[in-house]
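Please study the sequence and the model before reading each solution.

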Amino acid sequence: MKNLLKLSNLILTSVALLGIFSQQAKAQPGLAAVPFLQIEPDSRGAGMGNANVAIADNASAVFWNPAGLAFQTGTQISITHANWLPQFNAGLFYDYLVGKYYIEGIGTVGGHITFLNLGEQTQTDEQGNVIGTFRSYDVAVGLSYGFVINKNLATGLGVRAIYSSLVPDGTLVSNQVQASAGTSIAFDLGFLYKSDQFDLFGNRANFNFGLNAANLGTAIQYTDADQQDPIPATLRAGFAFTTELDPDGYNSITIAGDVSKLMARKTVETVYSDAGDSTGVRNKVTPAYVALFTAWDTVENQDGQTLSLGDQLVYGVGLEYWYDKLFAFRGGYFYEAPNNGNRQFLTFGAGLRYDIFGIDFSYIYTLEENHPLANTVRFSLLVDFK
């Protein structure tokens, strides 16, 4: 039982350290597993307050909105690296490798590998004696495809396999139960609308609207089926407005805004023996395709506080300026309700393009002192094969 508690603590700690929380059913709120799937992977979107669902115009569209692949051509590879939660000095890091490839007559496909290193852990026996160390990590591998419905509207699909290794396989967590890596399969479905260009004060402009349902997948478990947890199914919608600032198009700005909501739901039920005695609890996870339609109710957070629908919504707004498509400056603001994770921060970023190469970086300035995400920096390197 001691090891079962340690496994539970490791799961909860990995979620809490990421600063990504989910609320479950009123009776017993809990946390969604594998929250690394919600980490924004590319420095461009991260520098714009995590508002990118209606932009999605590079390979990282596989995260923001796979429909964005439909409007892209060419081949691109990008890698993002971040020392995650540097405040803790725990050796955590995040890596994201993504690529896209255009196939004539078919469309654009994309693929990604996401890896989160959760650091080194100490392994003990039932008596609490140290018997070794092990490393914990999460990884996901996926493919996406976007296709055009008409010249203004596209849709996209994605699928990813998830593997979460928190403790070594075979770790005994009770007299009868052993722990193992958690696995899951998740799907994405996105839509992107792009207006025709229109005239705004003599300059070209356009408006986009995006919608993405991400991580619609199976529950994940580390021990038995009674201890399943949902993965972080998320619904995201947003807009992007771009206008050139001069007739020659050397200067342009984009204003974007996203609103998202975690759709994961589970209830915790008490298990009774034939004699009517309580023998434990089990989790009942609401299927993601059902939660999309039912998870709009009031819930409770980990402290028993009631969260309205408005409290459960997460907002991001961002601004991007480009000069001659060579260098960019970015800024944004991200807001989460105080009783729903309380992530509130400003973001800053910049980008540079030269020939086939590009580099972006982003920086988080938290509004709360000593927040785990404070001073998080991401770097992304991309290559466009012309």
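**Exercise 1. The lining of the largest cavity**

How do the residues of the lining of the largest cavity divide into nonpolar, polar and charged?

Solution. The model under study is predicted.

Step 1. Identify the residues. A total of 37 residues line the largest cavity, and those nearest its centre are Gln38, Thr234, Arg236, Ser260 and Leu262.

Step 2. Assign the lining to elements. Two or more residues each come from helix H3 (61-64) and from strands E2 (93-103), E3 (107-124), E8, E9, E10 and E15. Strand E10 gives the largest share, 5 residues.

Step 3. Sort by class. The lining of the largest cavity comprises 17 nonpolar, 12 polar and 8 charged residues.

**Exercise 2. The largest pocket**

Determine which residues lie closest to the centre of the largest pocket, and describe its lining.

Solution. 

Step 1. The largest pocket contains about 1200 Å³ of space. Its lining has 43 residues, and Arg44, Asp57, Glu320, Trp322 and Lys325 are the closest to its centre.

Step 2. Strands E1, E6 (182-194), E8 (203-217), E9 (234-244), E10 (251-262), E15 (313-323) and E19 each contribute at least two residues to the lining of the largest pocket.

Step 3. Classified by residue type, this pocket lining has 13 nonpolar, 16 polar and 14 charged residues.

**Exercise 3. The strand pairings of E19**

Which strands are joined by bridges to strand E19 (residues 377-385), and in what direction do they run?

Solution. 

Step 1. Strand E1 (residues 75-83) runs antiparallel to E19 and is joined to it by 7 bridges. Within this pairing, Gln76 has Asp384 as its bridge partner in E19.

Step 2. Strand E18 (residues 357-366) is likewise antiparallel to E19, with 7 bridges between them. Here Ile359 has Leu381 as its bridge partner in E19.

**Exercise 4. The overall fold**

Solution. 

Step 1. Count the elements: the protein chain has 5 helices and 19 strands.

Step 2. Along the principal axes, the C-alpha atoms fill a box of roughly 80 × 45 × 40 Å.

Step 3. Of the 386 residues, 50% count as buried. Among contacts with a separation of 6 or more, 58% are between residues 24 or more positions apart.

Definitions and conventions
Residues are numbered from 1 along each chain as its sequence is written. This is a predicted model: local features need pLDDT of at least 70, side-chain atom pairs count only at pLDDT 80 or more; totals for chains, interfaces and linings use all residues. Side-chain values use heavy atoms; hydrogens and water are left out. Two strands pair if DSSP finds at least two bridges between them. Helices (H or I, at least four residues) and strands (E, at least two) are DSSP runs, numbered from the N terminus. On a 1 Å grid over the protein atoms alone, a cavity is a set of points where a 1.4 Å probe fits but cannot get out, and a pocket is an open set with protein on both sides within 12 Å along at least five of seven lines; lining residues have an atom within 4 Å of a point. Grid points are joined across faces, edges and corners, and a volume is the space filled by probe spheres set on the points. Ala, Val, Leu, Ile, Met, Phe, Trp, Tyr, Cys and Pro count as nonpolar, Asp, Glu, Lys and Arg as charged, and the others, Gly among them, as polar. Buried means under 20% relative accessible area, exposed over 50%, partly exposed in between (1.4 Å probe, protein chains only). Contact means heavy atoms within 4.5 Å.
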